[in-house]
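Subject: Structure handover and findings

Hello,

Here is the structure for your files, with the sequence alongside. My notes on it come after.

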Amino acid sequence: MHWLWAIIVGFVLGLIARAILPGKQHQPLWLTTIFGIIGGILGNAVAGWIGVHDTRGIDWIRHLLQLAGAVVVVGLGDMVYMMFRGNKRQVT
């Protein structure tokens with residue numbers, strides 16, 4: 001069940017990150033979901049490192065860190081995706 005939640009949260013984080021980032025992102029939706037999952041994991045790790053991984057109520061700081069991680073990973077991932085995808089388009 002944890003994998004299902006990771007996919008759902010990664011999908012939502014990836015979509016929100018794409019909406020926050022300026023311009024058009026070119027990666028497919030499945031890759032956005034994977035980038036969102038990685039960003040969520042990164043945000044959870046940072047929350048654990050600064051000591052806010054387990055609080056009472058809603059963990060707003062952890063959620064903001066997850067979103068920040070997703071924005072960074074989606075932004076960097078899009079650049080890497082376009083670097084590889086752009087080279088393929090120039091060859092043909």
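The notes below go from the whole chain to single residues.

This is a predicted model, in which local features need pLDDT of at least 70 and side-chain atom pairs count only at pLDDT 80 or more, while totals for chains, interfaces and linings use all residues. Residues are numbered from 1 along each chain as its sequence is written, and side-chain values use heavy atoms, with hydrogens and water left out.

Overall fold

The chain has three helices and zero strands, in the order α-α-α along the sequence. Helices (H or I, at least four residues) and strands (E, at least two) are DSSP runs, numbered from the N terminus. The C-alpha trace spans about 55 × 25 × 20 Å along its principal axes. Of the 92 residues, 33% are buried; buried means under 20% relative accessible area, exposed over 50%, and partly exposed in between, with a 1.4 Å probe and protein chains only. Among contacts (heavy atoms within 4.5 Å) with a separation of 6 or more, 60% join residues 24 or more positions apart. Accessible areas come from the Shrake-Rupley method with a 1.4 Å probe; for residues, only the protein chains shown count as cover.

Helix α1 and the nonpolar patch

Helix α1 covers residues 2-20. Its 19 residues should span 27 Å at 1.5 Å a residue, and the end C-alpha atoms are 26 Å apart, which agrees; the expected span is 1.5 Å times one less than the number of residues. Gly10, Leu13, Gly14 and Ala17 are buried in α1. They cover an arc of only 105 degrees around the axis, so they lie on the same side of α1. That arc is taken from the directions from the helix axis to the C-beta atoms. Trp5 and Ala19 are exposed on the other side of α1.

A nonpolar patch on the surface is formed by Leu4, Trp5, Ile8, Val9, Phe11, Val12, Leu15, Ile16, Ile20 and Leu29, with about 850 Å² of accessible area together. Patches are made of residues with over 30% relative accessible area and no salt bridge, like charges being joined within 9 Å and nonpolar side chains (Val, Leu, Ile, Met, Phe, Trp, Tyr) within 5 Å. Helix α1 gives the most to the patch, with nine residues. Ile8, in helix α1, is partly exposed at 39% relative accessible area.

Thr33 sits in helix α2 and is buried, with a relative accessible area of 12%. Leaving out residues up to four places away in sequence, Thr33 touches Ile7, Gly10 and Phe11. Gln66 is in helix α3 (residues 60-91) and is buried at 8%. With the sequence neighbours up to four places away not counted, Gln66 touches Leu13, Gly39, Gly40, Gly43 and Asn44.

The salt bridge

How many salt bridges does a search of the whole structure find? The search finds one, between the side chains of Arg62 and Asp59 (3.1 Å, N to O). The criterion is a side-chain nitrogen of Lys or Arg within 4 Å of a carboxyl oxygen of Asp or Glu. Asp59 is in the loop between α2 (29-50) and α3, and is buried at 10% relative accessible area.

Regards
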